[in-house]
Amino acid sequence: MKKTLVIVDHPHFDRSVITRRWVEELQKYPDEFVVHKLQSSYPRGQIDPAMEHSLIENNGTVVFQFPMYWFNCPPLLKQWLDQVLTSDWAFGKGHKLENRKMAIAYSCGSGESDYSPEGKHHRVADDYLLPLVHSIEYCHATFAGTYSFLGAANPEKATVENIAESARGYVEFLRGIATAD
């Protein structure tokens with residue numbers, strides 16, 4: 001069985017709480033998950049599309065993991081999307097992602113009540129990911145859902161226990177995608 005490739009972007013990974021803890025949990029299972037941290041792989045921001053293509057082609061499910069960053073993915077992940085999901089590889093004449101399961105895992109500082117039609121952001125957090133979801137679908141991949149931690153900036157929500165539980169839940173979410181038909 002191919003491993004799940006988790007592409008991680010966090011502009012300040014060393015100060016991360018959720019993203020870093022999720023990565024630590026994934027790294028306990030090297031036979032199941034390949035964790036690919038964009039910031040450490042490309043510290044100068046010069047992405048190697050051929051290497052990324054190879055990494056994707058040699059693994060199974062692909063997951064984008066990041067903190068919500070100005071209601072979007074962080075800039076290096078956006079650059080990755082622009083440079084890796086190329087014409088005639090991801091779409092057009094080439095469909096290397098066709099039927100490949102892809103998912104999104106993200107964290108937000110604000111909580112669920114803020115990410116609601118009545119909240120300060122006026123919509124649910126998943127709504128901000130629609131361009132990324134559409135990109136996945138445009139490449140004929142199968143969007144397998146989202147996993148999230150909302151309230152990372154709230155000390156009552158972001159307790160060590162809640163974050164650890166979330167990390168374990170994240171592993172189960174990824175395993176569920178990998179084994180689903």
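## A walk through the model

At a relative accessibility of 13%, His121 counts as buried, where buried means under 20% relative accessible area, exposed means over 50% and partly exposed lies in between, with a 1.4 Å probe and protein chains only. The model is a predicted one, in which local features need pLDDT of at least 70 and side-chain atom pairs count only at pLDDT 80 or more, while totals for chains, interfaces and linings use all residues. Residues are numbered from 1 along each chain as its sequence is written, and side-chain values use heavy atoms, with hydrogens and water left out.

His121 is placed in the loop between strand E4 (101–108) and helix H5 (130–138); helices (H or I, at least four residues) and strands (E, at least two) are DSSP runs, numbered from the N terminus. Apart from neighbours within four places in sequence, His121 is in contact with Phe71, Ser110, Asp114, Tyr115 and Tyr128, contact meaning heavy atoms within 4.5 Å. His122 lies in the loop between E4 and H5 as well, but His122 is exposed, with a relative accessible area of 54%. The phi of His122 is near 65°, a positive value in a residue other than glycine.

Asn99 likewise has a positive phi, of about 65°, although it is not a glycine. Asn99 sits in the loop between H4 and E4 and is exposed, its relative accessible area being 59%. Asn99 is among the residues touched by His140, together with His95, Leu97 and Glu98, when residues up to four places away in sequence are not counted. His140 itself is found in the loop between H5 and E5 and is partly exposed, at a relative accessible area of 40%.

We turn next to the sheet. Five strands form an open sheet in the order E2-E1-E3-E4-E5, with parallel pairing, where two strands pair if DSSP finds at least two bridges between them. Strand E2 (33–37) and E5 stand at the edges with a single partner strand each, so one side of each is left without a neighbour in the sheet. Neighbouring strands are turned by 20° against each other on average, direction ignored; axes are lines fitted to C-alpha atoms, for helices over the stretch in contact, and angles run from 0 to 180 degrees between N-to-C directions.

E1 runs parallel to E2, to which it is joined by 5 bridges, and parallel to E3, to which it is joined by 4 bridges.

Which residues have the most contacts inside the largest nonpolar core? They are Phe64, Phe66, Trp80, Leu97 and Tyr106, in a core of 35 residues, a nonpolar core being a set of buried Ala, Val, Leu, Ile, Met, Phe, Trp, Tyr and Cys residues joined through side-chain atoms within 4.5 Å. Strand E1 (4–8), helix H3 (49–57), strand E3 (62–67), helix H4 (75–84), E4 and H5 each supply at least two residues of this core, and H4 gives the most, with 5 residues. A second, separate core of 20 residues includes Phe33, Ala158, Ile163 and Ala167.

The structure holds 9 aromatic pairs; rings of Phe, Tyr and Trp (its six-membered ring) pair if their centres lie within 6.5 Å, and planes under 30 degrees apart count as stacked, over 60 as edge-to-face and the rest as tilted. Tyr147 and Phe173 form a tilted pair, 5.4 Å centre to centre with 35° between the planes. Tyr147 lies in strand E5 (residues 142–150) and Phe173 in helix H6 (residues 160–179), so the pair ties together parts that are 26 residues apart in sequence. Tyr147 is buried, with a relative accessible area of 16%, and Trp22, Tyr147, Tyr170 and Phe173 form one aromatic cluster.
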